[in-house]
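Biologist: Please take a close look at the aromatic side chains in this model. I would like one connected account of how they pair and where they sit.

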Amino acid sequence: MTTLVILAAGLGSRFGGNKQLAKFSPANLTLMECNICHAVDAGFTKVIFIIRADLRALFSQQVLPRLVGKIEIEFIEQNLSDLPAGISLPENREKPLGTAHAI
């Protein structure tokens with residue numbers, strides 16, 4: 001099984017909104033969906049989305065219906081309470097910690 005991992009927990013603050021689900025193509029797909037289509041064509045059989053919990057409903061509504069039956073899908077929620085032993089957060093931290101934390 002060849003698995004694609006998509007880091008989709010970013011807040012999109014510089015983008016000005018939810019960049020993961022912004023549609024842009026003539027087919028009204030997200031950039032991430034276009035990449036998944038290319039991955040399927042290349043032989044990938046599974047995609048893991050690393051997301052924030054508050055995005056799960058949007059992903060389920062917008063992305064899942066177009067991918068079901070094309071590739072196996074798994075969600076992993078990145079959250080600030082799931083940290084390696086010995087790691088602590090700065091006080092009042094609300095944003096995800098970034099790529100290393102997601103993986």
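**The aromatic cluster**

Modeller: Phe75 has a relative accessibility of 16%, so with the limit for buried set at under 20% this residue counts as buried. This is a predicted model, and Phe75 belongs to a cluster in it: Phe49, Phe59 and Phe75 together form one aromatic cluster.

The number of aromatic pairs comes to three. One of them joins Phe49 and Phe59, whose ring centres are 5.3 Å apart with 65° between the planes, an edge-to-face arrangement. Phe49 is part of strand β2 (residues 46–51) and Phe59 is part of helix α2 (residues 56–62), so this pair ties together parts that are ten residues apart in sequence. Phe49 and Phe59 are both buried.

Phe59 also pairs with Phe75, again edge-to-face, at 5.8 Å centre to centre and with 85° between the planes. Here the link runs between distant parts of the chain, from Phe59 in helix α2 to Phe75 in strand β3 (residues 72–77), 16 residues apart. Phe59 therefore takes part in a pair with Phe49 and in a pair with Phe75, and its relative accessibility is 0%, which is why Phe59 counts as buried.

Glu33 lies in helix α1 (residues 31–41), and its relative accessible area is 1%, so Glu33 is buried. With neighbours within four places in sequence left aside, Glu33 is in contact with Gln62, Val63 and Arg66. Of these, Gln62 falls within helix α2 (residues 56–62), the helix that holds Phe59.

How values were computed:
Residues numbered from 1 in each chain as written. Predicted model: local features only at pLDDT ≥ 70, side-chain atom pairs only at ≥ 80, totals over all residues. Heavy atoms only, no water. Phe/Tyr/Trp six-rings, centres within 6.5 Å; stacked < 30°, edge-to-face > 60°. Helix = DSSP H or I, 4+ residues; strand = E, 2+ residues; numbered from the N terminus. Buried < 20%, exposed > 50% of the residue type's maximum accessible area, 1.4 Å probe, protein only. Contact = heavy atoms within 4.5 Å.
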